Amino acid sequence: MNSNRLTPPAAAPSLAGGTGSAVQDEYRNPYPNSVWALLACALALAAAACALWIDLPLAIWIQKSVSEGVDQSFEWVGELGESGHYIVMALAFYVIGLVGLARGWRNPLRVSYAAMARGSLLMLSTMAVGGLVVLVLKRTVARARPELFFEQGIYGLGESFSRAQQFNSFPSSHTYAAFSVAVVLGILAPRWRWVFLLLAALVAVSRLVNLDHYLSDVMTAAGIAVLVGHYLAPRVLCSKYQWPLRAPWRWWKKG
């Protein structure tokens, strides 16, 4: 069985890139929508339970137990959660994929330009859609960051849409970016998905160790990334959808 979900059988024709093109004719999520809905509810309940009983005791324990050296080491790990360079790389691959597909270039990589365009667009759309969800939650929930508790004894919620940087803890943007990349790469290269998820989990741990976020903040961000990535994947990767292989200003044209 072929482990690459973007690579069809060698002799199978593809609507997007010709015979043998690395674009799958049909992508299917591992679970039906009802299961994803149950998982979302379970995540919400788990996050609420953490906020009530686990977040603060865990943060206090970390503050007392983690050494300065360990804290600094995880500061470097946290840099993997910076979304900017992932967006730039995905955008570059998307442009190359579209241009290469349009001009019929020979790709030196073992992947078609159609697959390159679809995969990079999945990365961009996951970052954008979930990033918007994370931003809205940050502004509406307005949760105090752990530093406010240790400096002023404040644990809880502030005023919604106040844009105060110390009241935007929920959920974690760095964790969302890391898990978005991990989920998308895991969909594109299933054999390596646990490696990608492990790296993303290290970023989540770094946000806890550095006392930038609470446990429920990183849990929720990771869950949003998983849900958004798997929701968008069939709509971007399936060859029956041709809009990902057109320039953005032509996405809404029929045909």
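Colleague: At what angle do H6 and H8 pack, and how far apart are their axes?
Modeller: In this predicted model, H6 and H8 pack at about 35°, and their axes are 8 Å apart. Their crossing is right-handed.

Colleague: Which residues of H6 and H8 meet?
Modeller: From H6 come Thr175, Tyr176, Phe179, Ser180, Val183, Ile187 and Leu188. On the H8 side, the partners include Ala221, Ile224, Ala225, Val228, His230 and Leu237. By type, the contact has 14 nonpolar residues, four polar and no charged.

Colleague: Which members of the largest nonpolar core touch the most other members?
Modeller: Those are Leu122, Tyr176 and Leu237, in a core of 44 residues. Helices H1, H3, H4, H6, H7 and H8 each give two or more residues to this core.

Colleague: What is Tyr176 in contact with, leaving aside neighbours within four places in sequence?
Modeller: Tyr176 is in contact with Thr126, Met127, Gly130, Gly131, Val134, Ala221, Ile224, Ala225 and Val228.

Colleague: Let's turn to the rings. How many aromatic pairs does a search of the whole structure find?
Modeller: The search finds six. One of them joins Tyr31 and Trp36, edge-to-face, at 5.5 Å centre to centre with 75° between the planes.

Colleague: Why is Trp36 called buried, and why is Tyr31 called partly exposed?
Modeller: The limits are under 20% for buried and over 50% for exposed, with partly exposed in between. Trp36 has 12%, so Trp36 is buried. Tyr31 has 44%, so Tyr31 is partly exposed.

Colleague: What makes the pair of Phe149 and Phe150 edge-to-face?
Modeller: A pair needs ring centres within 6.5 Å, and edge-to-face needs planes over 60 degrees apart. For Phe149 and Phe150 the centres are 5.3 Å apart and the planes are at 80°, so the pair is edge-to-face.

Colleague: Which residues do ring pairs link into a cluster?
Modeller: Trp243, Trp251 and Trp252 are linked that way.

Terms used
Residues numbered from 1 in each chain as written. Predicted model: local features only at pLDDT ≥ 70, side-chain atom pairs only at ≥ 80, totals over all residues. Heavy atoms only, no water. Core = buried A, V, L, I, M, F, W, Y, C linked by side-chain atoms within 4.5 Å. Buried < 20%, exposed > 50% of the residue type's maximum accessible area, 1.4 Å probe, protein only. Helix = DSSP H or I, 4+ residues; strand = E, 2+ residues; numbered from the N terminus. Contact = heavy atoms within 4.5 Å. Axes fitted to C-alpha atoms, helices over the stretch in contact; angles between N-to-C directions. Left-handed = near helix turned anticlockwise from the far one by under 90°. Nonpolar A, V, L, I, M, F, W, Y, C, P; charged D, E, K, R; others polar. Phe/Tyr/Trp six-rings, centres within 6.5 Å; stacked < 30°, edge-to-face > 60°.
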